[in-house]
Amino acid sequence: MKVRAWGLGLGAWAVLAFNIATAQETKSVKSGVYTFEQAERGVALYKQKCASCHAPSRFTDADLFIKPYAGKPLWEMFDVISDSMPEDDPGGMKPEEYAAVIAQLLRMNGFPTGQTDLPTSKEALSLIIFEKP
């Protein structure tokens, strides 16, 4: 009986240790999650694909843009925008283009640039938390 209990305890410890070792930590948009160059690409795309329907002030408005995403993974913003925009061609842009537009939106809100482009995968974007500026 002691051997079995020992084995179960060891097994539980191994699972816990594995989960701790493989768990990835989240980071904030305040830590620089996009590059200057990526945001610059986003400016051109924004002008071409977004500006005809969305004034820039819409994306710096606390109630319209900040509050709905505050405290949530950046994936939620990416998912909504990439599924529904542009209005005349929802989902019609490449994932890298959507990421560039979001990088520009982050820059418009004063979030700092970093050393790597904003990713496009659900897994990576789910680890980045959108916070109020």
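Predicted model: local features only at pLDDT ≥ 70, side-chain atom pairs only at ≥ 80, totals over all residues.
Local features require pLDDT of at least 70 and side-chain atom pairs pLDDT 80 or more, while totals for chains, interfaces and linings use all residues. Residues are numbered from 1 along each chain as its sequence is written, and side-chain values use heavy atoms, without hydrogens and water.

The structure holds seven aromatic pairs, in which rings of Phe, Tyr and Trp (its six-membered ring) have centres within 6.5 Å; planes under 30 degrees apart are stacked, over 60 edge-to-face and the rest tilted. The planes of Phe59 and Phe65 meet at 80° with the ring centres 5.4 Å apart, so this pair is edge-to-face. Phe59 counts as buried at 9% relative accessibility, and Phe65 is buried at 3%. Phe78 and Tyr98 also form an edge-to-face pair, with 6.3 Å between centres and 75° between planes. Phe78 belongs to helix α4 and Tyr98 to helix α5, so the pair ties together parts 20 residues apart in sequence; helices (H or I, at least four residues) and strands (E, at least two) are DSSP runs, numbered from the N terminus.

Ring pairs also link Tyr46, Phe59, Phe65, Tyr69, Phe111 and Phe130 into a cluster. The charged end of Arg58 sits over the ring of Phe59, 5.4 Å from its centre (the criterion is NZ of Lys or CZ of Arg within 6 Å of the ring centre and within 35 degrees of the ring normal).

Technical notes:
Buried < 20%, exposed > 50% of the residue type's maximum accessible area, 1.4 Å probe, protein only.
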